[in-house]
Amino acid sequence: ASENADVLDLGCGNGRQLIGLVDTGIRSYTGLDPIKKCIKFCNRELASRIPNTQFVHLDVRNRMYNPKGRMLPEEVVLPFENNSFDSVITGSVFTHLGTRMVSERYLEEIARVLKPSGKLFSSWFRNPPYEISAEESRTVFAEGDIQKMISKHFETYYSRGGSSGEWWDQWCLC
């Protein structure tokens, strides 16, 4: 994210991205996550201390993170107006969505809430080197399928990682 950017951190968890982003001079930060406890913690400990920061609960169903969520993942709607953000961060989100249909829906929503010149940072598990998996605990898509999903809405300008086969090694795309 660049200086004076409005940033959405989709899958913000405990707000781990916020501190580094504040140092870059962003204008605003919005964290969005399906884990209600994380959102409560972040609002209490971070949003109360850092200006122009908010955390919002996304009540979307996910077997791992929010099994009783009201919104179906393939029908997810991000609770923001069109063209709201300069940057969207999705660190380890697509690695837990399960199916291509759900991932495509998330990408559509991200494209909707991004400003026309907005940027998306995403990380994925890809095949190769990993085995393809539709499990929400560890979603892995074929590299070509990831590229097809991304290219419907975005142009890739940076790519790194995702080739070692290590559990933590995610393919990062901007």
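This is a predicted model: local features need pLDDT of at least 70, side-chain atom pairs count only at pLDDT 80 or more; totals for chains, interfaces and linings use all residues.
**Entry 1: the main core**

I began with the largest nonpolar core, which has 27 residues; L78, V88, Y106 and I110 have the most contacts inside it. By nonpolar core I mean a set of buried Ala, Val, Leu, Ile, Met, Phe, Trp, Tyr and Cys residues joined through side-chain atoms within 4.5 Å. Buried stands for under 20% relative accessible area, exposed for over 50%, and partly exposed for what falls in between, with a 1.4 Å probe and protein chains only.

Residues are numbered from 1 along each chain as its sequence is written, and side-chain values use heavy atoms, with hydrogens and water left out.

Which elements give two or more residues to this core? I found β1 (6–10), β4 (85–90), α3 (100–113), β5 (114–127) and α4 (143–151). The largest share, 5 residues, comes from α3. My helices (H or I, at least four residues) and strands (E, at least two) are DSSP runs, numbered from the N terminus.

I then looked up L78: leaving out residues up to four places away in sequence, L78 touches L8, L10, L32, L58, E109, I110, R112 and V113. Contact here means heavy atoms within 4.5 Å. Apart from this core lies another, of 14 residues, including I39, C42, L46 and A47.

Does the end-to-end distance of α3 agree or disagree with its 14 residues? At 1.5 Å a residue α3 should span 20 Å, and its end C-alpha atoms are 20 Å apart, so the two agree. The expected span is 1.5 Å times one less than the number of residues.

I listed the buried residues of α3 as V102, S103, E104, R105, Y106, L107, E109, I110 and V113. They pack against β1, β4, β5, β7 and α4.

Y106 lies in this helix and counts as buried because its relative accessible area is 6%. Beyond its neighbours within four places in sequence, Y106 is in contact with L10, L58, V60, P73, V76, V93, F94 and L97. I also checked Y106 against E74: they are 32 residues apart along the chain, with their C-alpha atoms separated by 8.0 Å.

**Entry 2: the aromatic rings**

How many aromatic pairs does the structure hold? I have 5. Rings of Phe, Tyr and Trp (its six-membered ring) pair if their centres lie within 6.5 Å; planes under 30 degrees apart are stacked, over 60 edge-to-face, and the rest tilted.

F94 and W124 are stacked, at 4.2 Å centre to centre with 10° between the planes. This pair links distant parts of the chain, as F94 sits in the loop between β4 and α3 and W124 in strand β5, 30 residues apart. F94 is buried at 0% relative accessibility, and W124 is buried at 0% too.

W124 also pairs with F141: the centres are 5.9 Å apart and the planes at 65°, so this pair is edge-to-face. Here too distant parts of the chain are linked, W124 in β5 and F141 in strand β7 (residues 138–142), 17 residues apart. F94, W124 and F141 form one aromatic cluster.

**Entry 3: strand β7 and R138**

Is β7 largely enclosed or open? Since 5 of its 5 residues are buried, β7 is largely enclosed by the rest of the structure. Both faces are covered, with R138, V140 and A142 buried on one side and T139 and F141 on the other.

For its partners, I count strands as paired if DSSP finds at least two bridges between them. β5 and β7 run parallel, joined by 3 bridges, and F125 stands opposite V140. Strand β6 (residues 133–135) pairs with β7 in the antiparallel sense over 3 bridges, and E135 stands opposite R138. β6 and β7 form a hairpin with 2 residues between them.

**Entry 4: D23**

Last, I looked up D23, which is in helix α1 (residues 18–23). D23 counts as exposed because its relative accessibility is 67%. D23 and E3 are 20 residues apart in sequence and 9.2 Å apart in space, C-alpha to C-alpha.
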